[in-house]
Amino acid sequence: MNEHNLAVEVRISGIVQGVGFRYWAWSVANELGVHGWVRNDPDGDVLAHLEGPEPAIATMLKRLHNGPRFARVTQVETVEGTFRGLRDFSMK
């Protein structure tokens, strides 16, 4: 892993499906230069894999605590992820 890059796995809980969360996260990631993916989990949460420079990841994580306008985020859990060298951000 590059010493200046981080990789994190994120679980976002609350009212986060059916409110445009994945598209919003994709937009924010592209704005910040964060690579990875975001997807809905069958249990109602949203999962994401984020890779990028530490400042961009920190900003992305702060913004995930709020989410888009109609989301109601109750919890954001993060664990260290495996850096894969992804080159874009996708919605799954």
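Residues are numbered from 1 along each chain as its sequence is written, and side-chain values use heavy atoms, with hydrogens and water left out. Because the model is predicted, local features need pLDDT of at least 70 and side-chain atom pairs count only at pLDDT 80 or more, while totals for chains, interfaces and linings use all residues.

Helices (H or I, at least four residues) and strands (E, at least two) are DSSP runs, numbered from the N terminus. Two strands pair if DSSP finds at least two bridges between them. Strand S2 (residues 35–40) pairs with S3 in the antiparallel sense, over six bridges, and arginine 39 stands opposite leucine 47 in S3. These two strands, S2 and S3, form a hairpin with five residues between them. Glycine 44, in the turn, has a positive phi of about 105 degrees. S3 also pairs with S1, again in the antiparallel sense, over eight bridges; here asparagine 5 stands opposite proline 53 in S3.

How enclosed is S3 by the rest of the structure? A residue is called buried under 20% relative accessible area, exposed over 50%, and partly exposed in between (1.4 Å probe, protein chains only). Seven of the eight residues of S3 are buried, so this strand is largely enclosed by the rest of the structure.

Helix H2 (residues 54–64) comes next. Its buried residues are Ala56, Ile57, Met60, Leu61 and Leu64. Seen down the axis of H2, these residues fall within an arc of 135 degrees, so they line one face of the helix; the arc is that of the directions from the helix axis to the C-beta atoms. Pro55 and Lys62, on the other side of H2, are exposed. The buried residues of H2 pack against strand S1 (5–15), helix H1 (21–32), strand S3 (46–53) and S4.

Several of these elements also meet in a nonpolar core, that is, a set of buried Ala, Val, Leu, Ile, Met, Phe, Trp, Tyr and Cys residues joined through side-chain atoms within 4.5 Å. The largest such core has 23 residues, of which Val10, Ile12, Phe21, Val34, Leu50, Met60 and Leu64 touch the most other members. S1, H1, S3 and H2 each supply at least two residues of this core. Contact means heavy atoms within 4.5 Å. Leaving aside its neighbours within four places in sequence, isoleucine 12 is in contact with Phe21, Asp45, Val46, Leu64, Val73, Gln75 and Val76.

Serine 13 is found in strand S1 and is buried, with a relative accessible area of 11%. Its side chain makes a polar contact with the side chain of aspartate 45 at 3.2 Å. A polar contact is a pair of N or O atoms within 3.5 Å; within protein, one must be able to donate a hydrogen and the other to accept it, and residues adjacent in sequence count only if both atoms are side-chain atoms. Beyond its neighbours within four places in sequence, serine 13 is in contact with Asp45, Arg72, Val73, Thr74 and Gln75. Among these, threonine 74 lies in strand S4 (residues 72–80) and counts as exposed, at 64% relative accessibility.

Charged residues complete the picture. Side chains of opposite charge can pair when their charged atoms come close. A salt bridge is a side-chain nitrogen of Lys or Arg within 4 Å of a carboxyl oxygen of Asp or Glu, and the structure holds six salt bridges. One of them joins the side chains of glutamate 9 and arginine 84 (3.9 Å, N to O). This pair links distant parts of the chain, with glutamate 9 in strand S1 and arginine 84 in the loop between S4 and strand S5 (89–91), 75 residues apart. Another joins arginine 63 and glutamate 31 (3.0 Å, N to O). Arginine 63 lies in helix H2 and glutamate 31 in helix H1, so the pair ties together parts that are 32 residues apart in sequence. Arginine 63 is partly exposed at 29% relative accessibility, whereas glutamate 31 is exposed at 55%.

The side chains of aspartate 41 and arginine 39 also meet in a salt bridge (3.6 Å, N to O). Salt bridges that share partners join Arg11, Arg39, Asp41, Asp43 and Asp45 into one network.
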